[in-house]
Amino acid sequence: MAAQTNTLVTAPRIPLMKRRDLFPYMLALPIIIYEGIFVLIPILQQISSSFTSDIFGVTTVKFVGLANYNRMLGDKNFWNSMHVTLVFMIATLTIAVGAGLVAALILNQRFRGRSLARAVMTLPWALPDLPAAIIFYWILNPNFGIINVLAHLLLPWIQQNPKWLVDFNLAMPLVVAISSWKAFPFYSLVILSVMQGIPHELYEAAKVDGANSRQSFRHITLPEIIPTLLLMGVLACIFAFKQFVLIYMETGGGPGRVTETLVIAVYKAAFDSFDFSYGATIGVAGFVMVFVITLLFVYLQRRQAAEAAV
Amino acid sequence: MAEQDNSNSAKNKNNVSRRDFLKMGAAATAVAMGAPVRASAPFFSRQTKTEVNFFTWFWTEPGRGAAWRTMIKKFHDSQSDIHINESGYGENDYFKTILLQAKSGKIDGDMYTETPDGFLRMQKAGFTSSLEDVVKAAGVTVSKAQDMLRVKGELNGLDIVTVRFGLLYNKALYDKAGLSEPKSIDEWVAQCKTLTVKPNQYGTFSPHVANDPFTTWFTLQQWAVLYDGVWAKGQTPLLTSDPVIKGLKLFKTMYDYMPQGTDAATANKLFASDQIATDMVVSAAVNQWKVNTDDPNLYGNLRSAKPFWPGNKAITRIHPVCVNPQTDKAKQDAAKTFLAWLYKKENYQQLIELCLDVIPAIDGGLRPEYRATLTWADGFDAETAITVPDTLGDFVYYGDELGQVVVPHFQDVLAGNASVEDAMAAAQKEAEALAARVFTT
């Protein structure tokens with residue numbers, strides 16, 4: 001026992017900072033602290049708030065258990081928002097990532113002015129959301145918007161200007177189009193960078209074997225970019241879910257509730273009605289939705305990695 | 001080894017290390033900075049001015065902001081103990097921000113202004129205090145309308161601007177079309193039809209887009225009042241009542257003569273450039289068309305129609321100024337001193353004239369000579385006031401939630417997807433569910 005104690009006492013002490021196994025953790029510490037304070041605590045606070053009743057200046061904060069969740073599940077406006085969010089998400093994902101892929105395929109070709117074309121393509125993405133929203137709001141004004149001139153040129157049989165953003169049938173497609181226009185350059189640039197990493201020899205070999213451009217795309221390009229497309233898909237879902245400025249500025253969730261996504265519903269509950277608890281409850285539902293999408297992505301990525309290993 | 005150590009010590013004594021240099025530098029800087037502080041200490045000890053933050057949206061409102069700055073300068077010139085600082089946001093952000101700040105426990109104002117419904121929330125949350133001593137010090141008699149600001153009989157806010165809905169019209173456009181002031185709702189509808197020449201001129205406007213939720217609901221409330229209706233009585237929503245249905249049907253008819261899909265800010269610009277003939281607006285809005293217009297004759301051409309609708313009523317909104325009881329006592333006292341000065345008859349009269357307001361909050365607050373200059377105010381004056389709590393019943397605490405029930409259904413009507421009756425029947429069910437939820441908890 002004495003010998004053991006001696007051994008312990010005489011064991012050389014390694015300074016904390018010199019222990020190599022701690023070094024990575026020390027590096028990660030600032031971001032962990034940041035995320036803890038500004039992300040984790042608010043999430044926990046939001047979850048705890050969803051179990052209370054808290055309407056500012058009307059009720060005092062009190063614990064209500066699952067009452068807000070019961071209300072949410074029976075609230076047809078919540079289900080409408082879920083539906084709208086999914087439609088917006090899928091439509092934006094399809095159009096933005098699809099357009100991004102097409103743009104990347106075009107910009108991957110050699111042609112004169114390619115660099116300029118790439119720079120011009122990034123403009124929508126570089127433009128901040130707010131000015132973009134204001135520009136489209138003016139373009140789409142049913143009375144004075146420039147789009148009315150185009151509409152009458154392209155569709156000479158229409159008698160009256162379409163109502164655009166206040167039309168129940170047009171509002172969602174327009175919001176999707178604007179969001180996709182704003183987002184597609186990002187997806188395009190990422191996909192393009194992956195395409196440029198594909199060895200050119202593969203295409204040359206395929207050409208020698210008699211493959212046409214469609215076959216080259218199907219058997220060389222696509223397998224190489226699929227992991228990136230998957231990632232872009234998840235990002236597109238998350239970006240679409242989070243989209244607030246463009247939707248709120250263009251339609252405010254209307255007309256009626258046809259563009260009222262979950263984020264807009266959270267905002268309306270919390271900051272129009274000052275019902276913070278119910279806003280938090282809808283927020284938790286949205287959090288779960290994004291979490292499930294992320295898990296799905298992780299699953300798909302692992303499955304793909306496993307298939308590649310085989 | 002010992003020698004080496006000694007030599008190092010000796011060396012260190014002669015050569016200042018980088019660390020010591022920094023220490024000495026810091027000490028010297030501290031001494032240098034301390035010197036003027038000590039020298040100026042008597043100046044600061046003489047500084048007894050109390051700084052008061054006045055939190056309001058007025059600063060950004062055309063005309064009203066300049067009026068308030070003039071009055072505050074006059075107050076500053078009249079004494080040297082209190083200094084009023086500007087604090088606040090533009091109107092649309094302000095109403096949300098003040099409630100969010102209050103929710104977080106502290107607002108940016110030692111005194112602040114509120115809407116009638118916002119006042120009720122702030123009062124319930126403990127952000128108002130008695131201002132009876134201010135009224136006493138000012139030596140004025142406040143209007144009966146201010147009773148809605150009383151808590152246990154004591155005024156907790158002082159009306160600083162009362163606004164009332166009315167039908168404002170552009171007399172030049174009316175004259176050009178050979179029309180005269182409407183005497184009935186049917187006549188108004190017919191005139192709007194005549195005055196609409198799309199896309200250059202529109203008969204009327206009322207906010208209706210979803211990204212303008214506050215203004216849309218705020219104005220829509222008046223359309224039911226046009227038929228002597230209210231939206232709720234106590235805890236009972238009245239969305240299917242005859243006056244509400246008639247009011248919304250009138251709106252739907254008038255929608256054909258509006259710049260559809262246009263937000264209120266754009267419509268205000270259209271009105272400023274003589275492109276909208278009539279506008280159901282609050283009296284305080286007139287101020288903007290005196291300064292923010294391309295037509296220098298516009299202000300002189302504005303008139304308000306004498307009420308031609310059943311009941312002659314118009315929603316009248318009292319906007320109080322309150323003193324924040326959660327700030328320092330010295331600041332509260334300073335804020336009250338300022339308000340007592342402002343509420344003195346001659347100062348109040350000057351404020352109301354600079355703001356181009358028309359409804360006084362105190363007896364004798366409006367000089368007849370000034371009133372005679374307001375060619376646009378006759379209609380507003382002839383209306384009978386109805387308050388926001390009278391219009392919304394107990395839903396006044398849930399006004400925005402009720403608006404979120406009504407407005408989306410009404411947009412269905414505007415789009416032609418539903419009749420007013422069907423849309424309001426659906427809205428009534430939702431409003432009843434809202435009442436069951438909020439009034440039983």
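B:D274 is partly exposed, with 19 other C-beta atoms within 10 Å. In this classification a residue is buried if 20 or more other C-beta atoms lie within 10 Å of its own, exposed if 12 or fewer, and partly exposed in between, with C-beta atoms placed from the backbone. The structure is a predicted model, in which local features need pLDDT of at least 70 and side-chain atom pairs count only at pLDDT 80 or more, while totals for chains, interfaces and linings use all residues. Residues are numbered from 1 along each chain as its sequence is written, and chains are lettered from A and ligands numbered from 1 in the order in which they are written.

**Backbone geometry in loops**

B:D274 has a positive phi although it is not glycine, and B:N312 is likewise a residue other than glycine with a positive phi. B:N312 counts as partly exposed, with 15 C-beta neighbours inside 10 Å. Most residues other than glycine have a negative phi, and most peptide bonds are trans.

One joins A:G254 and A:P255, with omega about -5 degrees, and A:P255 lies in the loop between α12 (245-250) and α13 (262-272) of chain A. Another runs from B:K198 to B:P199, with omega near 0 degrees; the loop that holds B:P199 is between α8 (185-195) and β7 (202-205) of chain B.

Contact between the chains involves 27 residues of chain B and 29 residues of chain A, two residues being in contact if their C-beta atoms, placed from the backbone, lie within 7 Å. On the side of chain B that touches chain A, α4 (91-104), α5 (116-124) and α19 (399-414) each supply at least two residues. The largest share, six residues, comes from α19(B). By class, this side of chain B has 11 nonpolar, eight polar and eight charged residues; Ala, Val, Leu, Ile, Met, Phe, Trp, Tyr, Cys and Pro count as nonpolar, Asp, Glu, Lys and Arg as charged, and the others, Gly among them, as polar.

In α4(B), the residues B:Y94, B:I98, B:L99 and B:A102 are buried. The buried residues of this helix pack against β1 (50-55), β3 (111-113) and α5 of chain B. After α4(B) comes B:G105, with a positive phi near 110 degrees.

**Strand pairing around β1(B)**

Strand β1(B) runs parallel to β2 (residues 82-87) of chain B, joined by six bridges; strands pair if DSSP finds at least two bridges between them. B:E51 stands opposite B:H83 of β2(B). Two bridges link β1(B) to β3(B), also in parallel, and B:F55 stands opposite B:Y112 of β3(B).

**The largest nonpolar core**

A nonpolar core is a set of buried Ala, Val, Leu, Ile, Met, Phe, Trp, Tyr and Cys residues joined through C-beta atoms within 7 Å. The largest has 181 residues, and those touching the most other members include A:Y187, A:A236 and B:V406. Helix α9 (residues 171-196) of chain A gives the most to this core, with 11 residues. Apart from neighbours within four places in sequence, A:A236 is in contact with A:T92, A:L93, A:A96, A:V97, A:A183 and A:Y187.

Notes
Helix = DSSP H or I, 4+ residues; strand = E, 2+ residues; numbered from the N terminus.
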